[in-house]
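Colleague: Please take a close look at the aromatic side chains of this model, and at what else involves rings or sulfur atoms. I would like one connected account.

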Amino acid sequence: MEEKRMNSLVKWTLILFVLASIILNIALIGIHSSRAPKCSAQRVHPLRRKHDERSAVFADLSREEYLQVQQFMLKQNNLEISTNQISKPSDNFLFLIDLSVPKKADVLAYLDRNGAKPTREATVVVFYGAKGYIKEYVVGPLPNPTYVNDVTMERYHKELPISARTVTIGEYNLLFQFLGDVFSKLGKIMKESFDMGPDKQLNAFEQMPRGVRTGDRKTWISFFRDMSGMYIHPVGFEVLVDHQSVNASEWKVEMLLYNGQYFDSIDELKDKYDKRLVKKIVYKESPDYGSLKPRNRPLQVGPQLFNVEGKRYSVSNNHVVYMDWSFAFGLSALTGMRVFDVRFNDERIVYELSVQEAMSVYGSVTPGMILTKFLDSSIGIGRFAHELVRGVDCPYEASYVDTYRYIDVPKPVRFRNSICIFEHNMGQPLRRHFSDFFHHSYGGMVNSALVFRTITAIGNYDYMWDFIFYQSGSVEAKVHATGYISSSYLVDGALRHGHQVAEKVLGNIHTHFINFKVDLDVLGVKNFFQTKDMEYVNVSLPWMPDHYAMVPQLVEKQLKTEKEAALRYNTKTPRYLHISSNKTNRWGQQRSYRLQVFSFTGDHLPESQAEERAMSWARYKVAITKHKDGEQTSSSLYSQNDIWSPAVDFSKYIEDNESIEDEDLVAWVTTGFLHIPHSEDIPNTVTVGNGGGVLLRPHNYFDMDPSIHSADSVYLSPGSEDSCDSNRMACLAQETCSPVLEPFTYEGFNGVMKFEDWV
């Protein structure tokens, strides 16, 4: 009986304890909720700038405009364009539709002088496989086009051969079918060496350019295990395919490489393999070292960015306003991210800041890499801007923008959340000083900046592109590389070209060169190019004339022609490079913007090489040219596949050696890094240290640092530490709130072409 009473007492004690715990938790939640209200999505303070609807002059084509241009082109019977969903090389195929950027003079007249709105037009690229050439057209006006003009000769001063075309999905489809036939003829070797069969396949990766001379379309194709991060799982088998003919029935295998040994035909490889005249590759199961799945279970979420008092920027259509900044933006399928009409305090600083090209040159002893020189705009840099992952690629609370593209597709494709925009605490003060002599005080300001970002996954590499807008009036264009290294099968002599990073795997040495276009308009379009540096001079001391000291002295120069202003990487470059105006600040100094380049590039390809002309922009750390509408880009869609006779040779922009005094100037900036792959590139390359960029900094442009007017400034003096008047941080604890987060979603795999769709 006593035992029952004890059990009953324990039971009621436990019940009361649970009830007390529940009540206490509810009370604590209530108290915490009152102290930590949900943050409002509405901004507390009004924006400093207003949106400008005229920014639409730079806007990418809408889905409706793409469809209008497509239908208009297909109705032009004289153009004889195929309506096939997936093209064959022999088709007349509508490959690309993109915005045709209007002429700068027309845009400036519209924006600054109430001129007529420039006609909205599209560029259209048609591959005429049946006729043996490529054409570029301009279609307009949009919406509801009425004309199509052939602009091929106007833009390139030459006809474009069909061999210069990008390999389309349709051609890849035929190539995979062709390779399937090769595999079937080598069934025994494929099974014994690579465990390949009906339920297992090898993945392919191509060497570019496709040959050694104009007109070639002969591609070395390397094969990799069908595993995570296939690019670091080479198997030691490569095939040279001649697919020059637009008729796939005429394609042929020209050569094969198996375990470092070359064979002239499939039959020769089979015969020597059966006769044991080759060193056989014996299949061995490989660990999945390329997987990016976490090796440990995630335990908690790391620090996240959220806006305590609402976002301090606004995005409307293709226009952004942030603090004292405003700009228009776009995403070209070929060249990628770009911004226009960048203004600070309503003064235009930059007319255009854009990505132009990403190029890599590889070293190897095996053919899949030995000639490889990738020119990514020929594939499409912006083409591969897929959905960004919330909370990883960009802060969770960033603003996300969809884009549409029409490149090698039957209809325009929407890429959800492919651009992100966010204000970011850069993790250090923009400026600060603690005064402990005479006047005790602290003055500082957090470095909060606006980041405009997209990430493009081009084959094995992922490039993260950032344009960053600082409250000091500076703009930075920056790129970081991640993704997977390209690798080759380890054979004798291979270690001269890299490091071993896995069993029988060589990480191939390669360069990364990135080209940006920087069209600065410093107080107008009449600018100069100046350099500043230092030199030591031997100076007699005024108070001791017989005593001398080496003293740094400012050296200033103005470079007057395009050839003078083409600053090569292999020569000493002045440390200060300026686009200057003829106007002065309060102190009589020429108002200017400085180009500060951050780069760790490898050596540029020697100019004696025929392929170098297609990448001649990479000779120069900075090259200054007079603005011309006909010199819109430093590379082209056709450079990769006709690398020996490029449609755009940047060096010709400089050859005419025009005056750059009191002219509209464009700076072409090359940055990047040398990559010698190492074991820490497995499973894939990290962004830390792998990048480069250019910073555009005001230099005597303002009378003082403009960030002194920012409301983010903090000032402390003895006795005023708790005052909110000049220190918003003092009130933050009283107003702390928790963010209202959107649910995590990701749809980036929707619409991605799968292997089975290609064959």
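Modeller: Rings of Phe, Tyr and Trp (for Trp, the six-membered ring) are paired if their centres lie within 6.5 Å; planes under 30 degrees apart count as stacked, over 60 as edge-to-face, and the rest as tilted. By that rule, a search of the whole structure gives 36 aromatic pairs. This is a predicted model, in which local features need pLDDT of at least 70 and side-chain atom pairs count only at pLDDT 80 or more, while totals for chains, interfaces and linings use all residues. Residues are numbered from 1 along each chain as its sequence is written, and side-chain values use heavy atoms, with hydrogens and water left out.

One of the pairs is Trp220 with Tyr262, edge-to-face, at 6.2 Å centre to centre and with 75° between the planes. It links distant parts of the chain: Trp220 belongs to strand E7 (residues 218–225) and Tyr262 to strand E10 (residues 261–263), 42 residues apart. Helices (H or I, at least four residues) and strands (E, at least two) are DSSP runs, numbered from the N terminus. Trp220 counts as buried because its relative accessibility is 9%, whereas Tyr262, at 40%, is partly exposed. Buried here means under 20% relative accessible area, exposed over 50%, and partly exposed in between, with a 1.4 Å probe and protein chains only.

Tyr258 and Tyr273 also form an edge-to-face pair, with 6.1 Å between centres and 85° between the planes. Here strand E9 (residues 252–258) supplies Tyr258 and helix H7 (residues 266–274) supplies Tyr273, 15 residues apart. Tyr258 is buried, at 0% relative accessibility, and Tyr273 is buried too, at 1%.

Elsewhere, ring pairs join a cluster whose members include Trp325, Phe344, Phe467, Tyr593 and Tyr701. Arg591 lies over the face of Tyr701, 4.4 Å from the ring centre. A charge sits over a ring if NZ of Lys or CZ of Arg is within 6 Å of the ring centre and within 35 degrees of the ring normal. The charged end of Arg390 is likewise placed over the ring of Tyr396, 5.3 Å from its centre.

As for sulfur, a disulfide is a pair of cysteine sulfur atoms within 2.5 Å, and the count comes to one. Cys394 and Cys420 form it, with their sulfur atoms 2.1 Å apart. The link is left-handed, with -80° about the S-S bond.
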